[in-house]
Amino acid sequence: MDYIVMDLEWNQNPRGADGKDHGIVSEVIEIGAVKLNASMHKVDEFQMLIRPKVFKKLEYHIRKILNYDEYTLFDEGRPFPEVLQEFREWCGQDFAFCTWGSTDLMVLQENMDFYNLEPIKFPLKYYDMQKVFVEKYMKEQTGCSLDKAVDFLEIPEKLEFHSAINDARYTAAVIKKARLNEDSQNYVYDTYNHPTKMEERIQDFHHGIYEEISEEFPSKQEIMKDKELARLKCPICERRCVRKLNWFSTNSTTEFATGRCLYHGPVVGKIKFKPAASNGKSSQSKDDKIFVIKTIRRADEEELEKIKAKKDAQAKKRRELQARKMQSKKEEQMKANGGKPVPSPKKSSPKKKVSSNKAKIPFKKPKNNKAKDE
């Protein structure tokens, strides 16, 4: 299998709007890629400028970082459909994408949808080299720019950054020097095109985690009713875990739960709610539909205590907020009552059942007096 180390440059609306009125937000203007074989040796390179169709003038900040302008794009660029077809043929049949971050693949597919081109095969696994690099060298951080990674590894900076082909070359150099390809299970799933029905749901154990990507649901409440999504599984042995903390929200998009595997100890589950309407095919769906990405990983006792403390702090905050609301309501009622306390409404006592003291007379069957009468 080959590895396609890809990087893109794209333009956006120079007037500052998000571009949705144009049917596209980010328009690709350059594709650069380096092909590596299984031994991480460079096999070939691909580089092509693209003539813009929607945003024909470069946005101010984008123009500042690029080493070319819109005149170069119109003189040397080719239409996106032509370039993409050539690029897909160059990639071959057996390959995996490697990118610095998750944005490039999303933008590429957004442009493919805009031109109604054949989508990339679903589900799409790829290697996010930024994530792999951070996990290996900078565990306390959530991200790292490519130029900082190059500087960290002391890779000679002979080329200008913010050129698609140069950034692809630098990414390939980081992969090779940092040996980021050692764990073949370190892939992630692209969710631009996500499952739309239960049969497409993704369930996978890889790189020490259990990952589940759901189909679309109408609400969060319906998601949490799904027993499979709510269940905690050990990412090592795949057994069901004993629940310690039920799912609780830390914000509007994230929920956590904790549990314990009888064989491998504590685990932490995380659910991320994603709006379906912002992704690929689902742009045709209703705006209120959502799907989730659930991950479960091993943890230690200290982390479990921190998560429990977070849940307790949130519960305390909710109680304090409720108390403030009640106090505010009382003050408003006093103000409306001329500053006098408003008496609490008397609760009507429930009616007591009146029991009858009369003893019940048992029913006696009348005697047959026919013989006596005779």
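Author: Gladly! Let us start with a term: a salt bridge is a side-chain nitrogen of Lys or Arg within 4 Å of a carboxyl oxygen of Asp or Glu. E86 and R78 make such a pair, with their closest N and O atoms 3.0 Å apart. R78 also meets the side chain of E82 in a salt bridge, at 3.7 Å from N to O. Before we go on, please note that this is a predicted model, where local features need pLDDT of at least 70, side-chain atom pairs count only at pLDDT 80 or more, and totals for chains, interfaces and linings use all residues. Residues are numbered from 1 along each chain as its sequence is written, and side-chain values use heavy atoms, with hydrogens and water left out.

Reader: How many salt bridges does a search of the whole structure find?

Author: The search finds 17.

Reader: What links E222 with K225?

Author: A salt bridge does, with the closest N and O atoms 3.3 Å apart. Helices (H or I, at least four residues) and strands (E, at least two) are DSSP runs, numbered from the N terminus. E222 and K225 are 3 residues apart in helix α8 (residues 220-225), so about one helical turn separates them.

Reader: Which residues form a nonpolar patch on the surface?

Author: Patches are made of residues with over 30% relative accessible area and no salt bridge; like charges are joined within 9 Å, and nonpolar side chains (Val, Leu, Ile, Met, Phe, Trp, Tyr) within 5 Å. Accessible areas come from the Shrake-Rupley method with a 1.4 Å probe, and for residues only the protein chains shown count as cover. Here V242, L262 and Y263 form the nonpolar patch, with about 370 Å² of accessible area together. Y263 sits in the loop between β10 (254-261) and β11 (265-275), and it counts as exposed because its relative accessibility is 57%.

Reader: Where is the cis peptide bond?

Author: Look between F122 and P123, where omega is about -5°. P123 lies in the loop between α4 (103-114) and β5 (124-128).

Key
Buried < 20%, exposed > 50% of the residue type's maximum accessible area, 1.4 Å probe, protein only.
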